[in-house]
Amino acid sequence: YHIKTDLSPDTIQLHNFKGGYCGVSKIEADKYCICYLTDSQNLVKSGGDISEMEQRVLSKNPFLKNYFNNAWGNEIKTGDRLNYHVHNHHHGIL
C-alpha cells in the first residue's frame, strides 16, 4: 500500500507480528510504502479476509495498529486493498 504519514523521510521501520513482519519506508514525494509478509495461516484463521487479518493479527502491534487505524484514510495507492499475490503458497507463506 502507499500511504501518507508523518514518518521522518530518512527512517525505515520494520515491525513484527505473529507469523510475519511489516516494513514502512518513504518512496517518493509525500508517499510511503507499507507492505508485509505473513504466514498463510493468519489469513486462513481470519476467514480469508485480508482486512480482518490486518485488524486481528497485524494490529496487535501498536505501531501497525496506528497505521491501520489512521493512515488508511490517507491511502493514495490506486487499486483494491484486497488485491494480493500469493508467493510460495505451498510453503505456507503469503
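Predicted model: local features only at pLDDT ≥ 70, side-chain atom pairs only at ≥ 80, totals over all residues.
Which residues does N61 touch, not counting residues up to four places away in sequence? N61 touches H15 and N16, where contact denotes heavy atoms within 4.5 Å. Residues are numbered from 1 along each chain as its sequence is written, and side-chain values use heavy atoms, with hydrogens and water left out.

## Overall architecture

The protein has 3 helices and 4 strands, arranged along the sequence in the pattern β-β-β-β-α-α-α. These elements are DSSP runs numbered from the N terminus (helices: H or I, at least four residues; strands: E, at least two). Of the 94 residues, 33% count as buried. Relative accessible area sets the classes: buried is under 20%, exposed is over 50%, and partly exposed lies in between, with a 1.4 Å probe and protein chains only. The accessible surface comes to about 6000 Å², and carbon and sulfur atoms account for 51% of that surface. Accessible areas come from the Shrake-Rupley method with a 1.4 Å probe; for residues, only the protein chains shown count as cover. Among contacts between residues at least 6 apart in sequence, 51% join residues at least 24 apart.

## Helix α3 and its start

N61 is found in the loop between α2 and α3. With a relative accessible area of 9%, N61 is buried. At the start of α3, a side-chain oxygen of N61 reaches to within 2.8 Å of the backbone nitrogen of F63.

Helix α3 spans residues 62-71, and its residues L64, Y67, F68 and A71 are buried. These four cover an arc of only 110° around the axis, which puts them on the same side of α3; the arc is that of the directions from the helix axis to the C-beta atoms. The cover over the buried residues of α3 includes β1, β2, β3, β4 and α2 (50-56).

Q13 lies in strand β2 and is buried, with a relative accessible area of 18%. Its side chain makes a polar contact with the side chain of Y67 at 2.8 Å. A polar contact is a pair of N or O atoms within 3.5 Å; within protein, one must be able to donate a hydrogen and the other to accept it, and residues adjacent in sequence count only if both atoms are side-chain atoms. Leaving aside neighbours within four places in sequence, Q13 is in contact with L7, C22, G23, V24 and Y67.

L14 also belongs to strand β2, which covers residues 12-17. In contrast to Q13, which is buried, L14 is exposed at 63% relative accessible area. Together with Y21 and L37, L14 forms a nonpolar patch on the surface, with about 310 Å² of accessible area together. Patches are made of residues with over 30% relative accessible area and no salt bridge; like charges are joined within 9 Å, and nonpolar side chains (Val, Leu, Ile, Met, Phe, Trp, Tyr) within 5 Å.

## Salt bridges

A search of the whole structure finds 2 salt bridges, each defined by a side-chain nitrogen of Lys or Arg within 4 Å of a carboxyl oxygen of Asp or Glu.

| Salt bridge | N to O distance |
|---|---|
| K4 and D30 | 3.5 Å |
| K31 and E28 | 3.2 Å |

In the pair of K4 and D30, K4 lies in the loop between β1 (2-3) and β2, and D30 in the loop between β3 (20-28) and β4 (31-38), so the pair ties together parts that are 26 residues apart in sequence. The C-alpha atoms of D30 and K4 are 6.4 Å apart in space. Leaving aside neighbours within four places in sequence, D30 is in contact with I3 and K4. K4 counts as partly exposed at 35% relative accessibility, and D30 is partly exposed at 40%.

For the other pair, K31 is partly exposed with a relative accessible area of 26%, and E28 is partly exposed at 44%.

## Helix α2: E52

E52 lies in helix α2 and is partly exposed, with a relative accessible area of 36%. The C-alpha atoms of E52 and N42 are separated by 9.8 Å, the two residues being 10 apart along the chain.
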